[in-house]
Every structure is written in structure tokens, then in C-alpha cells.
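Below is a briefing on one protein chain, arranged by topic for a reader who works with the coordinates directly. Please read it alongside the sequence and the model.

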Amino acid sequence: MSGSHSFGAFLVFHLSTKCNLECVYCNVDAGPGGFRPVLDPQILEKWLQAFASLGPAEIGIQLHGGEPLVVDPPVEIFAAIARNTLARFPGTKLTDLGVQSNGVALDESRADSLARAGVRINISIDGPAWIHDRQRVTVSGRGSHQEAVLAHHRLRARGINAPVIAVVSQPPDVSPALQFFLDDGFRAARMNPMRPEGRAASLEKWDDEAFMRDMALEYFRAAKLISDHNTRCPDARFVEDNLANMMESLVGNSKESEMLHWTFLIDDRGDLWAHPGGYGVDPLHLTRGEVPNVDVLRRALGLDTDVVLGLRQLRARLFTACAGCRTPDFCISFHGLTNHAGSRHPVCVWRSELMNHLDDWLREDPEAARRITASNE
């Protein structure tokens, strides 16, 4: 399949809420208790077979948690099942098979095992120790920064300077977190503002738009730090994914694709959700306890004969961007926004305000502004 008749699926498998940390903002309330079971590997196989039976051009897979490196059976088993399942569908390309980890359990032996299984690993690091250890802690309150950074350095020793995922909970943390990544030789990060989900919902007054406007201003200051760094160190450029994508959009360099892409979540019970960012939002809960197969999937997605048309119609019913959103395609893809009765989602406030700052900068100093994109030009 190609062109406007093709689609790609990215499937996030929430393997378990078992975790060796108890992060203060965890959106799925994961922790050492692990109060729900590990996803049955046969359910992963059945969901992959169901999606591949729809004829997507590509499927990407992320094994998530909790902490996927502490589940049993190990993620290497899930990865082998995924590869063997999709091998039966030669028309569908496996584009990614990755694990999002806090790094605590990644020793040399495990890194070898993941490499043999062909599993890409990303590490979550929130910046310097004084920020990271305030947010990513064990049940006893001990920080995990040293282990996380060591895990990333182990990957670097193998020639992999992998992008990291960081969560920003306070506006003043943005620039120090970025400066840590620059000083320690990281090359890329996605620094996501904390979302009002799970434990994070009780940490801030999310109806206070000033909080996210302050966050946007700090991200803009970080953008200028990145531009200065990339000017001084053209052979060691740094990319922050959110800022780079926004600037790419403003300068008109965003890669357009006729292919419809959709990210789904399969939780540890085996239920399908229409979007990872909407976990817990009832309208996005598409199946409940059903044994997955292609007929179940078609019913859940409301598909008739034309898969892409059906997916587009479902997306239009499920997702609505906030009022005044400048980039609804991005927001829906990454945050799965639903109708908030005219109010703006906190992430949309941050993004819209940040886009305004970047737009002004692009007009005032286009050469400097363009240095934060992923392009070397």
C-alpha cells in the first residue's frame, strides 16, 4: 500500500506497572508494588497479528512500563515474539522496536542481551542530579541519577548516544536540565512538560495558565542556549525534539507525509486505547477484556472496507484540538487531546505560547533561530 491509501501504526505496549522507582509524576502510578500483572506475551502476539492483518505499510513498537527491564518474562522474549509475528506479514515493515527505561537495571550483561535481541533502548533522565533525584526516586526516597547516567554512558561506549526522555515539572528546571545535557555530551533529548495525569495531577494547579506560559518562556530561553551551543560546536550539535519540530514547522521544513500515522496503547490487561496520552480517558478505551483478533480490532476502530478512511473518521470523532491551537496535528498525535468544553489543555497553552516566542525570534534573527532544528543547514 502506498500514498494516501497507506497507514502506519506505532504500538506502545504497557507491559506492567511494576517499577524499581516511584517517580513523583508517574502518569500510570507505577512502582515497586506493581499492583497489576505483566502483559501476557500471547496477547502482544495477537494484537500484532490483528494490526498487521489490516495491511499497514509499517508498524513501530515500544515496550513501556512501569520499568520494562524488570518484567518477567523479559522484554527480549516480547521482542522475539514481535519480530517472528511480523515476519509472517512481508508487506508490513517493522520500523522500530524499542524500550523506554529508567536505566537502573541496565548493566553490561543486559545491554549485551538487548543488543542481541535487536532492541533499541532509550533512557529517561530529567537533567542534573538535583532535579532528577527530586523526581525519580526509589520507594525509600533514594535518587536514581547516578544509575541513569551510567546506563547512558554504557550505551555511548557501544557507539550509541541515544536521545533521552526528560520530564520537566517546574519552569526554572528547563535551562539547568538542558545545560546538564550540553555539558555532559548528550546529543539529543525530548524534554516534555509534565502532563496532568496520574500522580502529576495532584502536583500542580493545572487550570493556572500562567504556569504553562512561564514554562514556554523558559523553553524559549533554552532554545537560545541550544542555538549558541550549535554555533560553537557544529560537529556536536544538540537537538531538543520539541523545539526542533516547532521550528521546522515555522520555517516550512516539516516533513509532510501522505501516510496516516496513529499511535495506540495496549495496556497490561491487554486492552486497546486510542492514544497513550489518553490512558484513563474513557472514550479512548476501545476494547475491554476481549481476546484480540482482526475482527475485534475492526469493530473497535469502526472500520468497514477502507481502513484509512475509517481511521480518519474515528480520529475526527475522538480527538479535538484546544481552541486556538496552532498545531493541532502535532497536539493530537502526541497528546490525544479531547474536547475540553472550550478550555485549553495545559500542554496546548505551553505549546501555543512557545510557538509565538519562536515565531518572533525567527523573524528577528532567522539564522540563529534555524540552528535549533535537526538539519545541519
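Among the contacts in the protein chain with a separation of 6 or more, 72% are accounted for by residues 24 or more positions apart. The model is a predicted one, and its secondary structure comes to 13 helices and 9 strands. The radius of gyration of the chain is 20 Å, close to the 21 Å that the globule rule gives for 377 residues, so the chain is as compact as a globular protein of that length.

**Overall dimensions and burial**

- Taken along the principal axes, the C-alpha atoms of the protein chain fill a box of roughly 55 × 45 × 40 Å.
- Of the 377 residues in the chain, 54% count as buried.

**The sheet**

- The 9 strands form an open sheet with mixed pairing, in the order E7-E6-E5-E4-E3-E2-E1-E8-E9, and its edge strands, each pairing on one side only, are strand E7 (239–240) and strand E9 (272–273).
- Strands of a sheet pair through backbone hydrogen bonds, in either a parallel or an antiparallel sense.
- Strand E5 (residues 164–168) is mostly covered, with 4 of its 5 residues buried.
- Strand E4 (residues 120–124) runs parallel to E5 and is joined to E5 by 2 bridges, with Ile123 having Val164 in E5 as its bridge partner.
- E5 is also joined to strand E6 (residues 188–193) by 5 bridges, again in a parallel arrangement, and within this pairing Ile165 stands opposite Arg190 in E6.
- Between E5 and E6 the chain passes through helix H6 (residues 174–183), and this β-α-β crossover is right-handed.
- E6 pairs with E7 in the parallel sense over 2 bridges, and Ala188 stands opposite Val239 in E7.

- In soluble globular proteins, nonpolar side chains tend to be buried together.
- The largest nonpolar core holds 111 residues, of which Phe13, Phe181, Met191 and Leu358 touch the most other members, while helix H7 (residues 209–232) contributes the largest share of this core, 9 residues.
- Not counting residues up to four places away in sequence, Phe13 touches Leu39, Leu44, Trp47, Leu48, Ile61, Gln62, Leu63, His64 and Ile266.

**Leu69, a buried loop residue**

- Leu69 lies in the loop between strand E2 (58–64) and helix H2 (75–86), and because its relative accessibility is 5%, Leu69 counts as buried.
- Once neighbours within four places in sequence are left aside, the residues in contact with Leu69 are Val75, Val99, Ser101, Ala105, Leu106, Arg110, Leu114 and Ile121.
- Ser101, one of these contacts, is 32 residues from Leu69 along the chain, yet the C-alpha atoms of Leu69 and Ser101 are separated by 6.9 Å.

- How many disulfides does the model contain? With a disulfide taken as a pair of cysteine sulfur atoms within 2.5 Å, the count comes to 0.
- For Cys23, the closest cysteine sulfur is that of Cys19, at 5.9 Å, which is too far for a bond, and Cys23 counts as buried because its relative accessibility is 9%.
- For Cys26, the closest cysteine sulfur is that of Cys23, at 6.4 Å, again too far for a bond, and Cys26 likewise counts as buried, at 13% relative accessibility.

Notes
Residues are numbered from 1 along each chain as its sequence is written. This is a predicted model: local features need pLDDT of at least 70, side-chain atom pairs count only at pLDDT 80 or more; totals for chains, interfaces and linings use all residues. Side-chain values use heavy atoms; hydrogens and water are left out. Buried means under 20% relative accessible area, exposed over 50%, partly exposed in between (1.4 Å probe, protein chains only). Contact means heavy atoms within 4.5 Å. Two strands pair if DSSP finds at least two bridges between them. A crossover is right-handed if, with the strands pointing away from the viewer, the path from the first strand over the helix to the second runs clockwise. A nonpolar core is a set of buried Ala, Val, Leu, Ile, Met, Phe, Trp, Tyr and Cys residues joined through side-chain atoms within 4.5 Å. The radius of gyration is taken over C-alpha atoms; the globule rule is 2.2 Å times the number of residues to the power 0.38.
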